[in-house]
Structure formats: structure tokens, C-alpha cells
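The following exercises are to be worked through with the sequence and the structure in view. Each task is followed by a solution in steps.

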Amino acid sequence: MTCFVGVDVGTTNVKALALPPDDLSQIIAHASAPVTTLNPEPGYAEQDPAEIWSAFVQVMAEVSREVAEAGHTITHVAFSTAMHSLLPMDASGAPLGNVILWSDNRAEAQATALRTSQADLGKAIHAETGTPIHPMIPLCKLAWLREHDPRMLRRAARFGSVKEFLWTRLTGEFAVDYSIASATGLFNAEKKQWSDQAIQYAGVRPEQLATPVPTTHQHPFNPSPEADATGLTAEVSLVIAASDGCLANLGAGAIKAGTATLTIGTSGAIRQTVRKPIRDEQGRLFCYILDDDHYVVGGPTNNGGNVLEWATEKLTRLDTEAVLAEAEAIPAGSDGLLFMPYLQGERAPLWDASARGAYLHVDWQHTQAHFARAALEGVLFNLLSINQLLVDYTGPARVIHANGGFAQSRFWVQMLADMAGIPVRLNASNESGSMGAILLTMKAVGLVSSLDEAAERVAFGDTFQPDPLRHRTYLDAFKTWQAGRSKLY
């Protein structure tokens, strides 16, 4: 029996999931390997491409072995990767340095200039690309290199993301999918080509960037000594697929209007899938390509699961389960304590890399458990404030599909339902990025006629209904939280 593999290259892990296309509820194999983030200087966030490749080989080899032991055959492998990374490479695709991640803020000055002194250019680039101006995007990272490391800008024959790095090594083709390209700030999303004004500002030449291709683009696996350990054979076809955010929507079955997807991993995002590009005149929302008929609009936050990590390691020095248990013992609204979750600057809705976190309304009654619960509530308040921006363009959501690491906490998911006042659904599999890559593969090979049909194959787990009393409490707390934020930022 044949099976498809979805590979999800995230910020903290590389994961792979193997499923038979005729029964997506049957997991044939699954593997995961961690990747380390390096912080060589304050505000820097990098990863070693050799470690990313090693993690990919490890998970692919494990999945290949498990699939073979189960008597199945891998026919297609598709790729979901994190957005906004930048890697300088030589003419063969070999790295010339580390991968600069989305969370790297070294280009803060360049992003600020495009929002202030060069605001007309910044607005024009956002209107053309759909990518908000922020230090995260390759546009600003390249501008930083132009000013601080022009030698690298000249030395590199190629610039790309983790997607281009892996794709080139596995196929020999220097290509990037429309989805990842549309998150760079360098890509004209309407014309499906690199933006002249953006690449001129960034200081790169068109030939230094990969050839943009549809998210259903396929290429045969190109066996090589360095890729032999993956266990893949020359008969395997690779599907380039899309970005992790767009595929999380597809993998969550969130294609129809009125369905929002909320993801919390290390960071977080809330998104909806739409049928035509949307541009927020104030540049607060992204709009990225999923395929020719679907776009994903929404806003990302820097502060998601990292806030829980901070609460465990720095605030309470307890393990994660103990922190969640303490927080659950406190009533909704944390007895008036509020938390602004901006521990690592912020993207949506502030788009301010210098923003920092704060507790408000602290008084004598508040305990460590209050501080833990308020931190979790602050993450969701911030995401729901992003959702308020979305509503103006998409209309209100009737249901939220939740995924990411936070979905493993029933307490945190129930908190989301209580805050939003609408049902929150979980998927049967929490690997939405890998699942989305597999669903896109089904369209690429003609097993389904559209992504709408593909999304109907998604299986769901529990649905969390909002508690009316807690919802009223949160409505009042959210208003107070928004008022407090407006005074600080």
C-alpha cells in the first residue's frame, strides 16, 4: 500500500508523518527531532543548517524504516516549513552561514525606517506583497546585510529560506513555492513574481533568488550520497507544498468562511482562509498564498508557548504540568490581574520589536498561581485582539480550529472557548502542518479536485463549548486588558 509523508520543519522540531491517502486516520509512521536555536548576540536568533539537515535525515530515515516494516511504500513527500527565514548560499546551494530565523530582530532599524521615514515605500511594498513590515521578514534582513555585511550580500550567489535549502539539496532545483515566497516581503503576490521595488530596496539581484513555483509543484527525488541516509528511493516524488501557517489552516480543515484557525506553538497566530487577497491599509495583517484559489489572512504573535516556558523556567521554577495545575485553580480573570505577554517584542497587532511584557493591577491577594494564569490569559487576549482586526475583513468566526502544542492542554483550550464565546474544535491529529502538506499532495496528484474537497477528509477530536458565566467574566476582563495595553504601547 502506498503512503504520503508530510514533513514539518518548524522552529523547535523537524517532524514527519506518514499516512495512506485513502485513510488519513491511519498513522503509518511518525518521527520528530529537535533543532537548537542559537542567540549569538542580543536580538539574534539563528540555527545551524547542518543541524536542520541532520534532523531531517533522522526523522525521514525513521519514518522510511517504519513504513517499510509496515509493508507500505512511500510515493510522495511534501514539505511544510516555517516562514521568514534567510540563508546565504553559494552557487551549489551550500550554506555560507547560519539560518536567520523569523524571531531574529537585528533588522529592527530597517523595519522602523520603512514604517516611518520611508513609510511611503513600506506601504507600497506591503500593498504589493501582503507581508507586514517587521524585522522578521527577509526584506528587512537583506537590508540589514546591505548596511552591516555588504561583503556577504556580494559573496552569496543565492539567498533563500530553509525551504530552498532542503529543496535544492534533495532535487538539485533552486525553487521556492509561492506560499513561502509570499511571506518574504519580496514577492508580488498578484503577478507571482519577485517585486522589482522590493528587491531593489533589499539590494539583491533577481538571479540570487529562487524560481517561484506553485505549491503543488513536484520534482523527482535526486539521490545523492548525503541524502542516501533518508531511506528515500529514486521513485519518490517530492511536492514543494507551502508554509507552515498556510498548511496549518488546511491541515485543520479550516477552509470555509467563518472558520478561524488558532495555532500556538513557540509563537502563535490566528488566521482565516479567503478566496481573494486582502490588504489591511495599516499593514497589520498578513495575506499569504496557499494555492491559486486560496489565501490565508491573519496575524502572528511572537508570544505563545514561550510564555508558558517562561512561566515554568523563570517565574515559578515548576514543571509545565504543575504550572498548568496551579493556574487552573484560579478563577477566570485571575481576580483582576492582567498580563501583557510581550516577552520577545511583538508582531501583530503592535508590530513593535521593542515592546515588552508587563503585569497590571497587581495587589496583595495575588499569588504565584494568579501570575501563572494571567500569563496564559494574556497570550489568548492578545490573539483575540488580532482576531478583532480580522473580523473587519472576513466577518466573525463561528468556530475556531485549535492546533499547536497548546492544544495538548485541555485547560488552556477550554480557556480559549470561554474567552471567544464560540466552540473550539481539535483535530484528531495535532500535526496540522504535516497533515496540510499531505492534503496538498492529494490535490497535486489528482486524488481530490480542490482543497475544499481535501479539507473534508480531516478528522476531528473533541469540541470545547464556552461556559456562559466565564465568557461574561472574560468580556469585561478583555475590555480592561485592551485599555491597559493602549496606555502602555
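A residue is called buried if its relative accessible area is under 20%, exposed if over 50%, and partly exposed in between (1.4 Å probe, protein chains only). The model is predicted, so local features need pLDDT of at least 70 and side-chain atom pairs count only at pLDDT 80 or more, while totals for chains, interfaces and linings use all residues. Residues are numbered from 1 along each chain as its sequence is written, and side-chain values use heavy atoms, with hydrogens and water left out.

**Exercise 1. Aromatic pairs**

Task: Classify the ring pairs Phe 286 with Tyr 288 and Phe 339 with Tyr 359.

Solution. 

Step 1. Rings of Phe, Tyr and Trp (its six-membered ring) pair if their centres lie within 6.5 Å; planes under 30 degrees apart count as stacked, over 60 as edge-to-face and the rest as tilted. The structure holds 16 such aromatic pairs.

Step 2. Between Phe 286 and Tyr 288 the centres are 4.6 Å apart and the planes 5° apart, and the pair is stacked. Phe 286 has a relative accessible area of 4% and is therefore buried; Tyr 288, at 1%, is buried.

Step 3. For Phe 339 and Tyr 359, the centres lie 4.5 Å apart and the planes meet at 40°, so this pair is tilted. Helices (H or I, at least four residues) and strands (E, at least two) are DSSP runs, numbered from the N terminus. Because Phe 339 belongs to strand E19 (residues 338-340) and Tyr 359 to strand E20 (residues 358-360), the pair ties together parts that are 20 residues apart in sequence. With a relative accessible area of 2%, Phe 339 is buried.

Step 4. Ring pairs also link a cluster made of Trp 53, Phe 56, Phe 79 and Trp 167.

**Exercise 2. Strand E14**

Task: Describe how strand E14 (residues 237-243) is covered and state in which sense E5 and E13 pair with E14.

Solution. 

Step 1. Strand E14 is mostly covered, as 7 of its 7 residues are buried.

Step 2. Two strands pair if DSSP finds at least two bridges between them. Strand E5 (residues 73-81) pairs with E14 in the parallel sense over 5 bridges, and Ser 80 stands opposite Ala 242 in E14.

Step 3. Strand E13 (residues 218-220) pairs with E14 in the antiparallel sense over 3 bridges. Here Gln 218 stands opposite Val 239 in E14.

**Exercise 3. Helix H14**

Solution. 

Step 1. H14 is mostly covered, with 11 of its 13 residues buried; among them are Met 435, Ile 438 and Leu 439. Just after H14, Gly 446 takes a positive phi of about 85°.

**Exercise 4. Charged side chains**

Solution. 

Step 1. Side chains of opposite charge can pair when their charged atoms come close. A salt bridge is a side-chain nitrogen of Lys or Arg within 4 Å of a carboxyl oxygen of Asp or Glu, and a search of the whole structure finds 15 of them.

Step 2. An α-helix has 3.6 residues a turn, so residues three or four places apart point the same way. Glu 377 is buried at 2% relative accessible area, and Arg 373 is buried at 5%.

Step 3. Since Arg 410 lies in helix H13 (residues 410-420) and Asp 462 in strand E23 (residues 460-464), the pair ties together parts that are 52 residues apart in sequence. Asp 462, at 39% relative accessibility, counts as partly exposed.

Step 4. Salt bridges that share partners join Glu 46, Asp 104 and Arg 106 into one network.
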